[in-house]
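User: Can you walk me through this one? I'd like to start with the sheets.

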Amino acid sequence: MTVTLQDVRDAAERIDGVAHRTPVIRSRTLDERVGARVFLKAENLQRVGAFKFRGAYNAISRLSAEQLARGVATYSSGNHAQAVALAARELGSTAVIVMPEDTPAAKLDAVRGYGAEIVIYDRYTGDREEIGRRLAAERGFALIPPYEHPHVIAGQGTAALELLEDAGELDAIVVPVGGGGLIAGSAVAAKGVQPGIRVVGVEPRAGDDTKRSLAAGERVRIDIPRTIADGQAAPIPGELTFSINKELVDEIVLVSDDELRDALRFAVDRLKLVLEPSGASGPAALLAGRLDPVPARIGVIISGGNVGAARLAELLA
């Protein structure tokens with residue numbers, strides 16, 4: 001396997017004191033609704049508002065002093081962009097980030113606020129990966145992709161490692177799936193610590209590329225998903241992430257946009273948490289009864305909370 005439990009443990013040491021050790025949140029109301037004891041790992045309270053800081057910092061911190069002096073590059077429209085920008089700044093490096101021209105202004109401002117340079121492209125006519133690779137090659141920058149990188153995956157796995165340390169033994173862990181980096185790292189960590197645990201991924205109904213790929217035994221490409229869960233709108237799983245997930249992930253369940261909205265509302269009303277739609281996919285799956293049978297003790301990774309007040313109000317209206 002390309003990423004091991006020891007890699008995740010090493011990443012945990014590397015990010016200790018830099019990334020937040022986010023709280024594990026309990027809710028009696030949620031337990032009653034689900035019929036289980038639920039432990040929510042609140043990565044919406046992580047630096048940059050999402051789990052992505054873990055992987056970005058772990059990967060960038062391993063670069064040589066010479067490479068850090070040259071800089072890093074990536075491509076992302078959201079949380080990974082902010083994570084790379086902040087991690088690079090923390091480590092005394094510079095970052096250039098390829099972002100689509102229709103990225104919300106708040107996200108562009110956040111990335112610039114961390115000191116990164118932004119290169120704009122058209123998501124419908126341009127290939128962000130190709131642009132990012134070319135830019136990195138031309139400038140001599142290290143490319144830190146959003147999920148197709150073993151150190152990024154290992155860093156993301158530290159969220160699951162902390163969850164198991166704080167919650168104790170779990171019957172299942174429920175994780176949002178986009179490109180597959182978070183669930184790959186989580187599965188390596190969870191099954192490394194507790195081999196019998198059930199690893200369940202959650203995708204939006206419109207973006208079921210990983211579910212289809214696992215069923216086919218190979219990566220399947222779908223149309224760009226149209227879903228409110230923009231952080232999970234991947235058209236095809238990553239090659240590296242899929243190689244891990246097909247071995248370690250037990251099942252993928254799907255949630256609708258309306259079920260995501262219900263979970264966002266529940267999070268505000270009952271948990272007092274602000275989540276982005278992708279971050280709500282785990283709770284949405286539980287509230288919609290997607291786990292059958294229902295495990296007795298369930299860990300859920302809430303992946304992020306980067307949603308503005310106006311957008312959240314619009315989603316909940």
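Analyst: First, the terms. Two strands pair if DSSP finds at least two bridges between them. Strands (E, at least two residues) and helices (H or I, at least four) are DSSP runs, numbered from the N terminus. This is a predicted model: local features need pLDDT of at least 70, side-chain atom pairs count only at pLDDT 80 or more, and totals for chains, interfaces and linings use all residues. Residues are numbered from 1 along each chain as its sequence is written, and side-chain values use heavy atoms, with hydrogens and water left out.

User: Fine. What is the order of the six strands in the open sheet?

Analyst: The order is β1-β2-β10-β7-β8-β9, and the pairing is mixed. β1 and β9 (251–255) are at the edges with a single partner strand each, so one side of each has no neighbour in the sheet.

User: Which helix packs on the sheet and touches β1 and β2?

Analyst: Helix α8 (residues 150–167) does, and α8 also touches β7 (172–176) and β10. Contact means heavy atoms within 4.5 Å. The direction of α8 makes about 140° with that of β10. Such angles run from 0 to 180 degrees between N-to-C directions, with axes fitted to C-alpha atoms, for helices over the stretch in contact.

User: And β2, is it mostly covered or open?

Analyst: Mostly covered: five of the six residues in β2 (37–42) are buried. Buried means under 20% relative accessible area, exposed over 50%, partly exposed in between (1.4 Å probe, protein chains only).

User: In which sense does β2 pair with β1, and in which with β10?

Analyst: With β1 (residues 24–25), antiparallel over two bridges. Valine 24 has lysine 41 in β2 as its bridge partner. With β10 (residues 297–302), parallel over six bridges. There, arginine 37 stands opposite arginine 297.

User: Switching topic. What is the order of the open sheet of four strands?

Analyst: β5-β4-β3-β6, with parallel pairing. β5 (117–121) and β6 (142–143) stand at the edges, each with a single partner strand. Two bridges join β3 (residues 72–75) to β6. Alanine 73 has leucine 143 in β6 as its bridge partner.

User: Which helix lies across β4 and β5?

Analyst: Helix α6 (residues 105–113), running at about 145° to β5.

User: Last one. Why does alanine 83 count as buried?

Analyst: Because its relative accessibility is 0%. Alanine 83 is in helix α5 (residues 79–90). Leaving out residues up to four places away in sequence, alanine 83 touches Val48, Lys52, Phe53 and Ala56.
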